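User: Hi! I'm new to protein structures and would like to learn how to read one. Could you walk me through it?

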Amino acid sequence: MISINEYKQNPCGMLSIPYWKAEKISIPDNIKIVHNNNFDQAMLNKYNDKKYFRLFHNLKNIPIFSNNNYTYGTISKTEINELVKMINASYTHANVCASADYINGLTKTKVYCPELWIGAFDNHKLIGSIICDFDTEIGEGIIEWLQVLPAYRGKGIASSLICKALNIMKHTAEFATVSGECDNSTNPEGVYRKCGFEGNDIWHILTKL
């Protein structure tokens with residue numbers, strides 16, 4: 001395991017996941033995680049490949065996105081069932097199904113930060129959300145989940161949620177990171193870059209054939 005100082009010098013290039021997760025997980029024998037710099041096409045003879053981007057934000061020059069049609073506020077633990085329903089309705093393009101137990105579990109980790117669970121509302125209806133962590137040991141803000149209901153996409157809601165989270169992070173965090181699937185039809189990388197995230201780190205999750 002690399003040191004905290006090594007990680008902080010290049011978080012997105014050193015690890016495919018946040019440091020706090022890397023400390024606690026064990027990679028199965030049938031999986032390899034390889035940075036794009038070390039990837040070889042010959043690996044595809046033995047492995048299936050899924051690519052993920054990992055981006056960095058220095059929490060400076062955060063864009064402002066104003067959308068007066070919707071309201072934004074924190075999501076409390078009492079609203080988790082509504083949050084789970086909205087998350088699952090947002091992932092019609094992917095095989096994602098979040099359970100209430102899983103989302104509740106996120107509130108029990110050492111990086112849980114309630115003010116970084118932010119919802120977008122249309123007349124009190126939850127239409128989008130962002131779930132972020134804050135690792136106080138590293139000084140890292142981490143975007144874990146971002147979703148907007150299909151009917152509300154293309155209205156700047158995702159950008160607003162990201163930048164609201166970044167503006168909260170900047171008061172305590174040193175930097176922020178996010179990762180996501182490269183080949184995602186909703187193009188999450190594009191919206192993160194629009195909000196000031198940078199970097200070119202790609203990680204390959206290789207699963208043995």
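Analyst: Happy to; we'll go from the whole fold down to single residues. Keep in mind that this is a predicted model.

User: How many helices and strands does the protein have?

Analyst: There are 7 helices and 8 strands. The radius of gyration is 17 Å, close to the 17 Å that the globule rule gives for 209 residues, so the protein is as compact as a globular protein of that length. Along its principal axes, the C-alpha trace spans about 50 × 35 × 30 Å.

User: What share of the contacts joins residues at least 24 apart?

Analyst: Here we look at contacts between residues at least 6 apart in sequence, and 73% of those join residues at least 24 apart.

User: And what about the surface?

Analyst: The protein exposes about 11200 Å², with carbon and sulfur atoms supplying 47% of that area. Of the 209 residues, 44% count as buried.

User: Which residues form a nonpolar patch on the surface?

Analyst: Ile 25, Ile 27 and Ile 33 do, with about 230 Å² of accessible area together. Ile 33 sits in strand S1, which covers residues 31–35. Its relative accessibility is 30%, so Ile 33 counts as partly exposed.

User: Is Asn 184 buried or exposed?

Analyst: Buried means under 20% relative accessible area. Asn 184 has 18% relative accessibility, so it counts as buried. You'll find Asn 184 in the loop between strand S7 (175–181) and helix H7 (188–194).

User: Which side chain does Asn 184 join through a polar contact?

Analyst: That of Thr 186: a polar contact of 2.7 Å links the two side chains.

Methods
Residues are numbered from 1 along each chain as its sequence is written. This is a predicted model: local features need pLDDT of at least 70, side-chain atom pairs count only at pLDDT 80 or more; totals for chains, interfaces and linings use all residues. Side-chain values use heavy atoms; hydrogens and water are left out. Patches are made of residues with over 30% relative accessible area and no salt bridge: like charges are joined within 9 Å, nonpolar side chains (Val, Leu, Ile, Met, Phe, Trp, Tyr) within 5 Å. Accessible areas come from the Shrake-Rupley method with a 1.4 Å probe; for residues, only the protein chains shown count as cover. A salt bridge is a side-chain nitrogen of Lys or Arg within 4 Å of a carboxyl oxygen of Asp or Glu. Helices (H or I, at least four residues) and strands (E, at least two) are DSSP runs, numbered from the N terminus. Buried means under 20% relative accessible area, exposed over 50%, partly exposed in between (1.4 Å probe, protein chains only). The radius of gyration is taken over C-alpha atoms; the globule rule is 2.2 Å times the number of residues to the power 0.38. Contact means heavy atoms within 4.5 Å. A polar contact is a pair of N or O atoms within 3.5 Å; within protein, one must be able to donate a hydrogen and the other to accept it, and residues adjacent in sequence count only if both atoms are side-chain atoms.
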